[in-house]
Amino acid sequence: MSLFDDIRDAVIAGKRKEVGPMVQQGLDAGEDPQALLDALISAMDIIGERFSRGECFVPEMLISARSMVAGTEVLKPVLAAEGAEPAGFACIGTVKGDMHDIGKNLVRMMIEGKGVEVTDLGVDVAPEAFVKHVEEHPECKVVCLSALLTTTMVSMSDTVKAFEEAGLRDQVKIMVGGAPINQAFCDEIGADAYTEDAGAAAEKIVEFL
């Protein structure tokens, strides 16, 4: 097996402490940084597929995603020095009134695994804060809204409206997700996409970008 296979398998197995050193080993051996990144991404693709089939669950996905992040942290400075451009830019946040972040964090890590640069705005994010971020960072083309509480779903609607009122609605794709959210709600508030899980969210962002 190649080092790339070993890296992929270590991410799938959630061996976070091993992944960073293995990626560094690859760099030291003169391997292409992009190829090493592709090995990390392929691992998360496999995990995402398994999750969609019900063969693994959120805890396993989180462990694998953290392992992938350990590898990307080693690669980031190298890729930046080489002038490698990210696949695109996005922002993510849990909407106003909601303090839950496990789902948001998982989605962020899966999106980062696709080579997208993601700004995490945190939890309890007001509609104006999402708008302000896009105003200040016009390269941000996808806005991801997360909610776990049914009582905070209205904040998603308010955020879509805030982008319309700011005249920025045509500049961004707005994605929504979380336990109480479904496609009907997405359509109702005028968002661009709803995905059931983090793997699907990452795939949809790549489509948009």
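**A buried arginine and its partners**

Arg108 is buried, with a relative accessible area of 19%. Buried means under 20% relative accessible area, exposed means over 50%, and partly exposed lies in between (1.4 Å probe, protein chains only). This is a predicted model: local features need pLDDT of at least 70, side-chain atom pairs count only at pLDDT 80 or more, and totals for chains, interfaces and linings use all residues. Residues are numbered from 1 along each chain as its sequence is written, and side-chain values use heavy atoms, with hydrogens and water left out.

Which residue forms a salt bridge with Arg108? The partner is Glu112, with the closest N and O atoms 3.7 Å apart. A salt bridge here is a side-chain nitrogen of Lys or Arg within 4 Å of a carboxyl oxygen of Asp or Glu. Both residues lie in helix α5 (residues 102-112), 4 residues apart, about one turn of the helix. Helices (H or I, at least four residues) and strands (E, at least two) are DSSP runs, numbered from the N terminus. Glu112 is partly exposed, at 22% relative accessible area.

**Other salt bridges**

The whole structure holds 12 salt bridges. One of them joins Arg53 and Glu55, with the closest N and O atoms 2.8 Å apart. Arg53 is exposed, at 52% relative accessible area. Glu55 counts as partly exposed, at 48%.

Another salt bridge joins Arg169 and Asp192, and here the closest N and O atoms are 2.8 Å apart. This pair links distant parts of the chain, 23 residues apart. Arg169 sits in the loop between α7 (153-165) and β4 (173-177), and Asp192 in the loop between α8 (183-189) and β5 (193-194). Arg169 is buried, with a relative accessible area of 14%. Asp192 is partly exposed, at 33%.

Now step back to the whole chain. The domain assignment gives domain 1 (3-81) and domain 2 (89-208). Such bounds come from an automatic or database domain assignment. The C-alpha centres of the two domains lie 25 Å apart. How many residues does each domain give to the contact? Domain 1 gives 13 residues and domain 2 gives 12. Contact means heavy atoms within 4.5 Å.

The area buried between the domains is about 1000 Å², and carbon and sulfur atoms give 77% of it. Buried area is the accessible area (1.4 Å probe) that two parts lose on being put together, summed over both. In domain 1, Ile41, Met61 and Leu62 lose the most area to domain 2, together 34% of what that side buries.

There is 1 salt bridge between domain 1 and domain 2. The side chains of Asp45 and Lys114 also meet in a salt bridge, at 2.4 Å from N to O. On the side of domain 1 that touches domain 2, the elements giving two or more residues are α3 (33-52) and α4 (58-81). The largest share, 7 residues, comes from α4.

**Inside domain 1**

Look next at helix α1 (residues 3-13). There, Leu3, Ile7, Ala10, Val11 and Ile12 are buried. Their cover includes α2 (16-28), α3 and α4. Gly14 follows α1, and its phi is positive, near 75 degrees.

Ser42 lies in helix α3. At 26% relative accessibility, Ser42 is partly exposed. Its side chain reaches the backbone oxygen of Ala39 at 2.8 Å.

Thr94 lies in strand β1 (residues 88-94). Is Thr94 buried or exposed? Thr94 is buried, with a relative accessible area of 0%. The side chain of Thr94 reaches the backbone oxygen of His100 at 2.7 Å. Leaving aside neighbours within four places in sequence, Thr94 is in contact with residues including His100, Lys104 and Val123.

Val123 has its place in the loop between β2 and α6 (127-136). Val123 is partly exposed, at 27% relative accessibility. Val123 and Gly93 are 30 residues apart in sequence, yet 5.8 Å apart in space, C-alpha to C-alpha.

Thr119 lies in strand β2 (residues 116-120). Thr119 counts as partly exposed, at 33% relative accessibility. Beyond its neighbours within four places in sequence, Thr119 is in contact with Ala90, Cys91, Ile92 and His133.

Key:
A polar contact is a pair of N or O atoms within 3.5 Å; within protein, one must be able to donate a hydrogen and the other to accept it, and residues adjacent in sequence count only if both atoms are side-chain atoms.
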